[in-house]
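Please keep the sequence and the structure in view while reading.

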Amino acid sequence: MNPFDVRLRRRTSVKWRQYPEDVLPVWVAEMDAEPAEPVARAIIDAVQLGDTGYPCGTGYAEALAGFASSRWRWDGIAVDRTAVVADVMLGIVETIKVVGGDLVIVSPPVYPPFYMFVRSMGLPIVEAPLNDGRLDADVLERTFRHVRAARPVYLLCSPHNPTGTVHTAEELAAVADLAGKYGVRVIADEIHAPIVSRSATFVPYLSVDPRGLSLMSASKGWNLAGLKAAIAVAGADADDLDRLPVEVSHGPSHIASIAHTAALKEGGHWLDAVLEGLEENRALLAGLLAEHLPEIGYRPAPATYLAWLDCRSIGADPAALFLERGRVALTSGTDFGSGGAGFARLNIATSPEILTEAVRRMTAAVRG
């Protein structure tokens, strides 16, 4: 496919319209894939039927429970302990409110909206950084022990964005033990859970912490970010969702719920093809960087479609260099909090041709 494929350039979402047309966008978390046929069909059928009203029912949560059972061998989603919310980040905001959170702990480098949304709530943020890309129980314990808050919240990213780390059952159990010991409530952002290669095992956080809360969605797995809906899930010992204000249920889109439900119920083959393509692109990127930009560190990770590139040998903000000199847009690592300087995030959910062109441009930017 031509790197400037006409069909992709016709898209009007932020990925393709944020930058001028001569910039190749491999930054924000949007896939270049065509939609899954069952999802497209469900949307078209709903529109043709005029089924464009307000959302109703538990179909989305039921579909998520079925997906969790078949994909993760986990039957921990009880529909009566779920709530449909507008999207994962707005769901995080609402769950922080219902647990009375007065301080939020994060593990950088981590998804930038964690900072943006928490700060917009007027809450302080404390960092408990990753250690070489993984959760560090000692760091978490020191942080949990020393925070000065009545109701601290730990905002867990699982799988982790931007590193692509899949937390192990042992790591998550350690988080749960520490949270119980120090009175910290854990809210897990598990939006990337469907995008885990067969080389790793996704462990739902609520399977190790019945006091926890989770936000899940089909939006990342099936490229449905523009169709707003997500599911908040409460652990077996958490009744917090009962206190969600009724107006929270007004945020999700009915069409989005229909699309997400179809994805979870009928989009498995499409997802498997995406996962296979991502494995191939991880290997391709690793090979291209080794050949053309060996000074950039890259360890292919088993989750997400985001590559976390160590460009510290190039400079403090390599994404700015790539954009200015190479006309290729990556996400700057400085957006991800402590530990992000000198890194850049690259979206590999694209064609091999576009990925190859992105590395060619990055190489041209570095080599001058």
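In which helix is the place of E94? The model at hand is a predicted one, and in this model E94 has its place in helix α5, which covers residues 88–98.

**Two residues in their surroundings**

- With a relative accessibility of 18%, E94 counts as buried, because the cut-off for that class is under 20% relative accessible area.
- Once neighbours within four places in sequence are left aside, the contacts of E94 are with L244, P245 and V248.
- V153 has its place in strand β5, residues 152–157, and V153 is buried, with a relative accessible area of 1%.
- Although V153 and L103 are 50 residues apart along the chain, their C-alpha atoms are separated by 6.2 Å.
- Apart from neighbours within four places in sequence, V153 is in contact with I96, V99, G101, L103, V104 and I105, and also with V184, R185 and I187.

**Aromatic pairs**

- The structure holds eight aromatic pairs, and two of them are described here.
- In the pair formed by F67 and W222, the ring centres are 5.6 Å apart and the planes stand at 75°, so this pair is edge-to-face.
- This pair links distant parts of the chain, since F67 belongs to helix α4 (residues 59–72) whereas W222 sits in the loop between β7 (213–216) and β8 (230–234), 155 residues apart.
- W308 lies in strand β9 (residues 306–310) and F343 in strand β12 (residues 343–347), so the pair ties together parts that are 35 residues apart in sequence.

**Helix α12 and helix α10**

- Helix α10 (residues 268–292) and helix α12 (residues 352–367) have axes that come within 10 Å and cross at roughly 25°.
- The two helices α10 and α12 are therefore roughly parallel to each other, and α10 passes α12 in a right-handed crossing.
- On the side of α10 the contact is made by N281, L284, L285, L288, L289 and H292, while α12 contributes P352, L355, T356, V359, M362, T363 and R367.
- By residue class, the contact of α10 with α12 divides into eight nonpolar, four polar and one charged.

**Helix α12 and helix α11**

- Helix α11 (residues 318–326) packs with α12 at an angle of about 95°, and the axes are 8 Å apart.
- That angle makes α11 roughly perpendicular to α12.
- L321, F322, R325 and G326 of α11 make this contact together with R361, M362, A365 and V366 of α12.
- By residue class, the contact of α11 with α12 divides into five nonpolar, one polar and two charged.
- M362 of α12 takes part in the contact with α10 and also in the contact with α11.

Definitions and conventions
Residues numbered from 1 in each chain as written. Predicted model: local features only at pLDDT ≥ 70, side-chain atom pairs only at ≥ 80, totals over all residues. Heavy atoms only, no water. Phe/Tyr/Trp six-rings, centres within 6.5 Å; stacked < 30°, edge-to-face > 60°. Helix = DSSP H or I, 4+ residues; strand = E, 2+ residues; numbered from the N terminus. Axes fitted to C-alpha atoms, helices over the stretch in contact; angles between N-to-C directions. Parallel < 35°, antiparallel > 145°, perpendicular 65-115°, else oblique. Left-handed = near helix turned anticlockwise from the far one by under 90°. Contact = heavy atoms within 4.5 Å. Nonpolar A, V, L, I, M, F, W, Y, C, P; charged D, E, K, R; others polar. Buried < 20%, exposed > 50% of the residue type's maximum accessible area, 1.4 Å probe, protein only.
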